[in-house]
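Open the model in your viewer and switch to a view that lets you select residues by number. This tour goes through the spaces inside the protein and one open space.

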Amino acid sequence: MIKIAVVGTGSISPAHIEGYLDFPERCEIVALCDIVPDKCEKIKEKYGLNKAVIFDSHKRLIENSDFDLVSICTPPFCHAEITIDCLNALRHVLVEKPMAASLKECDDMIEAAAASGKILSVVAQNRFRSSVWNLKRVLESGIIGKIVHAQVDSHWWRGHSYYDLWWRGLWEKEGGGCTLNHAVHHIDMLGWMMGKPQEVCAMLTNVSHDNAEVEDLSVAVLRYNGGTLAQITSSVVNHGEEQQIIFNGEKTRISAPWRVVSSRSQPNGHPVPNPEFEEEVNEYYHTLPDVKHEGHQGQIEDVLKAIENCNTPIVTGTDGRLTIELITAIYKAGTEKRFISLPIAPDDPFYTVEGIQANVPKFYEKTASVQNLDGEITFGSNYEY
C-alpha cells in the first residue's frame, strides 16, 4: 500500500485526492499539509480521510509522517523548495503544473530526483485524455505527412477578481501570468508532440486585469527545423474558453477536439475536398483504443504503477522542464522584443527566478490581496466536441 501526502489543499487538491481515492487497493492518504490548517480540516471532512494527519509545514510533514508519495498542490513559487526537500527525504513527488518558475529551479529538482533515486513527475493531465493521447498516435503514424503548421489556442477567461488572491498576479509568487499558469497545459502538449523549436518570437500584454503585474494575453510564434511554424495564443480574456490544438500536415489537418479536413489540388492550385483521405484518417483514429483512466486519475495511476514496478513515469521532470523552457523563451522574446534561440543557457538572465523578475514587464501594480476566493474552478476543455 502506497502512503500518500498532499501538500497544499486549495482548489486543485481535490483533483489529486479524488484520483487517489479511485485506487483504494493501491494507496491511502495519510497526511494533509497547508499553511492554513483549517483548509486541511475541511478537505479531511469532505472526503472522509480519517487516517490523514494534518500539518501546517511541509518540513514538519517530512519529519513526522511516514509517506511514500507526495502531491504538491501549492502556488508555483514554492514548488521547487518543497519538491527538493521531499526528494532529499527519499519520497516520490508528483508536482502540479507549472513545474517551477525558472529553468534553474527545474534543473535543481531534476538533480535532486537523480540523487535520491526517487520518481519526479510533473502534472500534465491532458496527456491522459483519449482525444489528446490518440492525436499524438496519429501524428506518430506519419499518415498526415510532414507537419507544416501548428496552432495552439489556449483560450481561458478569468474575471477581474481572479488576481485578488494573495499569491496571484505577482511575478514573485505566481511566476508569470496566463502563459505560465494556463497555457502550460497546451504548451506541454505541443512540446510532447513536436519537441523543441529553434527559435521563438512573442508579444505580451495585459488588457483586462489592472490588478496584476503579469500578462493576461500573449501570442508567440515558434520555428522548427525544416521551417515548420507553430503559433501559441495564451489568454485569460477569451469568453467561452474554446481550446484546441491543430496540426496541418502535408496531406491533411487534424486536431483536438478531433476533426479531419483534407484538400487536394486542382490544376490551378486551388483546393477541392478530399473526402476519401479524410475517411482513411478517421478510420485510423477510431481504431485506436481509449486510455483506461482520464485526466489526473490517469496520471496518478501511471505514477502509482511506476512506483510499484520501479519504472519511469510517462511524464518526467525532463518533460516538465521542456515546457518551462518554451514558456521562458516566450517571456524573454516578449520582453526583449526579438527572436530568441533555444536552448536557453545557464548564463542567460532568464535562467533564474531572480533574472526573470528583474527583466520582465510589470503591467500594473497588484491592488488587492485576499486569503481565499469562493466559487468553483474550471479545468478547461476535454478536447471533444
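Start with the largest cavity, which holds about 120 Å³ of space. The model is a predicted one. To find this cavity, select K97, V123, A124, V184 and D188, the closest to its centre among the 18 residues that line it. Next, colour the helices α8 (184–194) and α11 (317–336); each of them supplies at least two residues of the lining. By class, the lining of the largest cavity has nine nonpolar, five polar and four charged residues.

The structure has three cavities of 30 Å³ or more. Which helix gives the most to the lining here? It is α11, with four residues. No charged residues are found in this lining, which consists of six nonpolar and two polar ones.

Now leave the cavities and turn to a pocket. The second largest pocket contains about 200 Å³ of space. Select F128, W133, V291, K292, H293, G298, E301, D302, K305 and I314 to show its lining. Then colour residues 295–309, helix α10, which gives the most to this lining, with four residues. How do the lining residues of the second largest pocket divide by class? Four are nonpolar, two are polar and four are charged.

How values were computed:
Residues numbered from 1 in each chain as written. Predicted model: local features only at pLDDT ≥ 70, side-chain atom pairs only at ≥ 80, totals over all residues. Heavy atoms only, no water. 1 Å grid on protein atoms, 1.4 Å probe; cavity = no way out; pocket = protein on both sides within 12 Å on 5 of 7 lines; lining within 4 Å. Points joined across faces, edges and corners; volume = space filled by probe spheres on them. Nonpolar A, V, L, I, M, F, W, Y, C, P; charged D, E, K, R; others polar.
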